[in-house]
Amino acid sequence: MNSLNSPARRNRSEWLLAAMFVLVAAAAIGVAWGNYRRSVEWFETTKLEEKLTALKLVEAFVGTYTDYRMRHLAKGAPVPATFRAHSIDLFNKKNTSLNALRIEWLGIPGREIAIAPRDPDTIDALSEAARTRDAAPISHWRIAGGETFFRTISPSVATQAACVECHNQHLNGRPAWALNDVMGAFVIDVPADRFLAEALRDAVAIGCLVFLIGVAVLAAAVFRLQYQRRHAAVAAAIAAERERAAVEAKDAAEAANRAKSEFLALMSHELRTPLNAINGFSEVIAKELFGSISERYRGYANDIHQSGKHLLTVIGDILEIAKADAGRLELVEETAHLNDIVVPCLKTLAGRAMAGGVHLDAADRPDVLVTGDITKLRQILLNLVSNAVKFTPPGGSATVRAGLDRDGALRLVVEDTGIGIADYDLQRVLRPFEQIESQFQRKHEGTGLGLPLAKVLTELHGGTLELASTPGEGTRVTVILPATRIRLRETKSAANERTDPPISALARA
Ligand code: HEC
């Protein structure tokens, strides 16, 4: 029950929580790093574009100057290269802001006219470009003097014969230039310290935000889970308590019922012994076996004997119900023809019916074999028919019918045109030991146990007993025995040979 808080479970959830936490942290770092990377990439592409634009500007400007010099100025004006070099120098000096581009115009190491590259990276890059005559711009990050730059090297190619011609005048014994040689390069630096710091700061901020949101979501999930767990634990505890109480109540009720049944069984047994003596001796007295007695005494003795016999049946019924309640009533299973159940019952009651002016009728019955406790099945029918006879006024009728349901179950119906039972009593008469307050009940002596016992015995056979009644019109009791207990008699001829005496003959017998 306390598995909710078991150490294993707690341990596991703690691990899970730690794993989720790590996951959130990783996600935050991932997002931050991705953001930083994207910023740097953006910086590289935009700055490269800016640089190439600046170079085009320089070229256009110098081109215009060259034209102008050719047409209007004397040879005394500075050559375009010198003019360009000076312009770049001026540009750098004017642009003093920290983030401003810085342009240098460098020659190939060892072959330069004015400015040679100084740092090893650039020397290598330029030598390589000159060797392969590759004019594609090269970009890389550089750290120098405690500062970080984004550097682009854009090679200058001898596109015209003039480049070669003029530069070859400044050889000083070095190898001559040819067309399409890379003669040097513009080297453009963009200081990036400030940008990188800002990008880093932004990335960290975004990472922190993601981390905080993740942790908040995680915390919310954990709280919700804990709440649900606690809620479930409380609900489970309440349910368990309720179930325990229900089981206890049921046990108590069963124990009480068992005790009652055991007590009744015991009492019935204890009562029977003296009652047998009373019955036996009263009969002896009534029959004057040991000498004659007065008419009056004989009458009394007869009454004692009759009452005793009645009491004995009552006790017998009580004992049966009590046994059934205590689960101690067992069936002695055997198989008999339906007639062996119905006919003896009709025989027993035919006389009583005649005496009461009740027309006892037995309609057609199916030709079936019934498996069950035959004695008890007879008792069921006897109880029902005797009730029917007892509660039907003279001139009325009581009928026993039997038929097979479509599923093969046997339907035994006992119907009368008697006084009937009111709706509100229908269920009560089926329960043992509930006396119905009715003038008829009191008038017609009876134990009131006939119906409940019939019901108990029917149910013991896996069947059901249904009661339908209209006061003043009659009562119909239906006993349904399950199909498993019913079998059609195999030989048809046997059925035809069956010779049932008519009920009137039984009554006369
Ligand atoms: C009229 C002569 C002349 C012509 C034409 C000329 N240059 Fe130059 N070039 C120079 C001089 C002079 C310098 C040095 C400028 C300075 O620092 O004052 C120079 C510098 C350079 C530099 C800088 C590196 C170094 O060696 O000092 C490169 C690169 C360069 N020229 C490439 C070219 C290319 C490419 C062409 C053709 C489009 C060209 N030049 C046309 C005279 C010329």
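**Sheets, helices and the ligand**

Guide: Three strands make an open sheet, in the order β5-β7-β12, with antiparallel pairing. Two strands pair if DSSP finds at least two bridges between them. Strands (E, at least two residues) and helices (H or I, at least four) are DSSP runs, numbered from the N terminus.

Visitor: Which are the edge strands?
Guide: β5 (334-337) and β12 (486-488), each pairing on one side only. Neighbouring strands of this sheet are turned by 25 degrees against each other on average, ignoring direction.

Visitor: Before we go on, is this predicted or experimental, and how are residues numbered?
Guide: It's a predicted model: local features need pLDDT of at least 70 and side-chain atom pairs count only at pLDDT 80 or more, while totals for chains, interfaces and linings use all residues. Residues are numbered from 1 along each chain as its sequence is written.

Visitor: OK, how many bridges join β7 to β12?
Guide: Three, and β7 covers residues 368-372. L369 stands opposite R487 in β12. Helix α7 (residues 338-355) packs on the sheet, touching β5 and β7, and its direction makes about 70 degrees with that of β5. Contact takes C-beta atoms, placed from the backbone, within 7 Å. Axes are lines fitted to C-alpha atoms, for helices over the stretch in contact, and angles run from 0 to 180 degrees between N-to-C directions.

Visitor: What angle do α7 and α8 pack at?
Guide: About 30 degrees, with their axes 9 Å apart; α8 is residues 374-390. The two are therefore roughly parallel to each other, a label for angles under 35 degrees. The contact includes I341 and L349 of α7 and L377 and L381 of α8. By class, that contact has twelve nonpolar, two polar and three charged residues. Ala, Val, Leu, Ile, Met, Phe, Trp, Tyr, Cys and Pro count as nonpolar, Asp, Glu, Lys and Arg as charged, and the others, Gly among them, as polar.

Visitor: Switching topic: which residues come nearest the ligand?
Guide: Of the 21 around it, G107, A114, C163, C166 and G184. Being near means that the C-beta atom, placed from the backbone, lies within 6 Å.

Visitor: And which element gives the largest share of that shell?
Guide: α4, with four residues. The shell divides into 13 nonpolar, seven polar and one charged.

Visitor: Last one: where's the positive phi in the hairpin of β10 and β11?
Guide: At G472, near 85 degrees; that hairpin has three residues between the strands.

Note on methods. Two residues are in contact if their C-beta atoms, placed from the backbone, lie within 7 Å. Angles under 35 degrees count as roughly parallel, over 145 as roughly antiparallel, 65 to 115 as roughly perpendicular and the rest as oblique.
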